[in-house]
Amino acid sequence: MEPLLSIRDLSIAYRVGTSEMLAVENASFDVPRGAIVGLVGESGCGKTTLARSLTRILADNARIAGGQAVFDGQDIMALSERRMNALRWREIAFIPQSAMNSLDPVYTVGSQLAEVLCRRGNLSRRAARRRSEELFEWVGIEAGRLGDYPHQFSGGMRQRVAIALALALDPKLIIADEPVTALDVIVQRQILDQLRELQTRLGISVILVTHDISVVAYVCDRVVVMYAGHVAEAGPMAATLTRPAHPYTMGLRNAFPDLASAGGQLTPIEGAPPNLLHPPPGCRFAARCPFAQPACTDTVPAPVTLDDDHVVACHRWAEADTLRTRAERSETWMART
Amino acid sequence: MTETEALVRVEGARLHYPIGGIVSAMRGLPSAVKAVDGISFTLHRGESVGLLGESGCGKTSTGRLLLKLDDPTDGHITFDGEDITTIRGEALRRFRTRAQLIFQNPFEALNPRFTIRAALSEPLENARIPRAEREARIHRVMDLVRLPDAAQFLDRYPHQLSGGQLQRIVMARALILEPDFVVADEPVSMLDVSVRAGVLNVFREVRARMGLTAVYISHDLALVRYVCERTIVMYLGRIVEDGPTEDLVREPLHPYTKALVAAVPVPHPDQSHDPLPIGRGAPDPRNPPSGCSFRDRCPMAHARCAVEEPGPSRVGQRLVHCHLYDQADTRPAARGTPA
């Protein structure tokens, strides 16, 4: 089946002073229909920029520097502002980072929902009221609380309200930027369960932006790993997490505490991501990669499709199995400082 | 736990913050948030203890009490035999050098106008360490936090360093007076995953090398498990469970700890998606339920939980504050995992 969203060679640049910085460069991946796709990476890797570009709500100094994002047959990046506006919320809904603090404190949550439903959805007041009650029921809040103000809700409840808002006009795609990051683990789990249930029930697709690979492992069908503006690796969640083909993904696994394992040593990835104002010529991860070879610092690796729809951008992709074994030993990562 | 010497003793500590005014008082609304509501525990020398719980459970307030950044509304806290709720003058000054805080946000914890050298010198000046000795101390502590190439960092400003390096400087600043006791409040929550591990490893290493007694405040059980052999779980200002971290992870006893352990996602595709054994809703610190403060979300709650606050019961090496385990020592049947 045709994917709902197909991103090809997407580049997004920020103007910084007199120069430009590519926050996202030649990113390609698909979002299948009815799937939750995790977009994972560290701060500054471009995941939020990429997510925001899909509703074209970028900062003033940002521009689409190339590529396309074909959503349901039309290229989002080429749409007129008027057509784009028609798509927002009705087709693609965006839940911004800390959405729970982005509700307007002086209006009741009910009137904020009604505004979206009446203004954008052209519903009558009565129909909007009925729809609001339905949405609240979906996200597990009593309809009686529609008359409450945002401050009367806990953080988790406000996140539920934000999800209800995103679902208001029956979108096909929801983009959620770090939806559970500020929440406690029990609430986090309940929100993720809710998101999964709604996604299944409504058959929608979700892009979930997160820095947490255990959130990806819990709820996502597919994962896209970004590093310093590039897509390092993308594929089915289980295959990508159990058999990562990119050394960065391998390193992330070692750095992540795992409550289910015996509790061995955690291994950091030494160093820091490159400054994107002056990016290195080759692979963006080469300076921190224990497996880097001369080719890695010279040329950017092209994405290669392994079996099962698993794509990796690494010069040494053919040796992934060997590298993975070596990557599991913490000495491998300590040799370089 | 081997019986070692106690360094910190907390006995029935409470910290209540007044809220509301005369209007809410007349309406019969609560007049205080009971951030910490009667907790007792002992920290032994060299022990590393996690304070775990959700936001609003009182873990940070407890940390503030331990460092005398707040004084308890009620109860006592002793440090090395001395009651810190009443100390002043020279004794307080000595306490301030012996007990240190490691801040949460390394990007805000350092003065942006101070070089790293100035940031590290300041505590030495305050503690009246002679000038001649300072530079050597600075280099020693930089080695300790694994920034051995000190010359490269000391004349730089905080914005020139990465998050991981900054957090090591923050740690160095807390350690430079060679304290006996540190409280670390979510010290890696602002850092990226790939550098977090490095800071945690330094924390573990430093603790072992200096024989520090440490309290690690976090909402993340996986992190606490990595650095603490013992964990105290808090809920709404009270302790619900206290014991060896591994036991607690493997077989949580208190119904709240069970939910907490079950809720932690792991970085593997195979994991349980079962519903959590806990009621919906969020704890309200302004208005906790009577008796056991967890009872309104507890799947095991019974009549007694509403009337009587559960005291600690000893189960193995653990203390559990739950009526399910009352007299657990004499009635081992009560220990089983409730269905």
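Q: Which residues does A:G229 touch, not counting residues up to four places away in sequence?

A: Contact means heavy atoms within 4.5 Å, and, leaving aside residues up to four places away in sequence, A:G229 touches A:A23, A:V24, A:E25, A:C45 and A:R284. This is a predicted model, in which local features need pLDDT of at least 70, side-chain atom pairs count only at pLDDT 80 or more, and totals for chains, interfaces and linings use all residues. Residues are numbered from 1 along each chain as its sequence is written, chains are lettered from A and ligands numbered from 1 in the order in which they are written, and side-chain values use heavy atoms, with hydrogens and water left out.

Q: Where does A:G229 lie in chain A, and is A:G229 buried or exposed?

A: Helices (H or I, at least four residues) and strands (E, at least two) are DSSP runs, numbered from the N terminus; A:G229 lies in the loop of chain A between β9 (222–227) and β10 (230–236). Relative accessible area (1.4 Å probe, protein chains only) is called buried under 20%, exposed over 50% and partly exposed in between, so A:G229, with a value of 0%, is buried. A:G229 and A:G46 are 183 residues apart along the chain, yet their C-alpha atoms are separated by 5.0 Å.

Q: How should I read A:V70, and what does A:V70 touch, not counting residues up to four places away in sequence?

A: A:V70 belongs to strand β4 (residues 62–71) of chain A, and its relative accessible area of 24% makes it partly exposed. Apart from residues up to four places away in sequence, A:V70 touches A:L4, A:L5, A:S6 and A:D75. Between A:V70 and A:V206 there are 136 residues in sequence and 16 Å in space, C-alpha to C-alpha.

Q: What are the phi values of A:D309 and B:L236?

A: Most residues other than glycine have a negative phi. The phi of A:D309 is positive, near 65°, and that of B:L236 is also positive, near 45°. A:D309 sits in the loop between β11 (304–305) and β12 (311–312) of chain A, where it is partly exposed with a relative accessible area of 48%. B:L236 occupies the loop between β9 (230–235) and β10 (238–244) of chain B, where it is buried with a relative accessible area of 9%.

Q: At what angle do helix α5 and helix α6 of chain A pack?

A: Axes are lines fitted to C-alpha atoms, for helices over the stretch in contact, and angles run from 0 to 180 degrees between N-to-C directions; here α5 (residues 155–167) and α6 of chain A pack at about 15°, with their axes 10 Å apart. Angles under 35 degrees count as roughly parallel, over 145 as roughly antiparallel, 65 to 115 as roughly perpendicular and the rest as oblique, and α5(A) and α6(A) are therefore roughly parallel. A crossing is left-handed if the near helix is turned anticlockwise from the far one by less than a right angle, and right-handed if clockwise; α5(A) and α6(A) make a right-handed crossing. The contact is formed by A:G156, A:Q159, A:R160, A:I163 and A:L167 of α5(A) with A:V187, A:Q190, A:I191, A:Q194, A:L195, A:L198 and A:L202 of α6(A).

Q: How do α8 and α9 of chain B cross?

A: In chain B, the axes of α8 (residues 163–175) and α9 (residues 193–210) come within 10 Å and cross at roughly 20°, which makes α8(B) roughly parallel to α9(B). Their crossing is right-handed.

Q: Which residues of α6(A) and α12(B) meet, and how do the two chains bury area between them?

A: Helix α6 (residues 185–202) of chain A packs on helix α12 (residues 255–263) of chain B at about 55°, with axes 8 Å apart, so α6(A) is oblique to α12(B). The crossing of α6(A) past α12(B) is left-handed. A:V185, A:I186 and A:R189 of α6(A) meet B:Y256, B:A259, B:L260, B:A262 and B:A263 of α12(B). Between the chains, 40 residues of chain B are in contact with 40 residues of chain A. Buried area is the accessible area (1.4 Å probe) that two parts lose on being put together, summed over both; for chain B and chain A this is about 3,500 Å², with carbon and sulfur atoms giving 59%. On the chain B side, B:V193, B:S194 and B:P267 lose the most area to chain A, together 19% of what that side buries.
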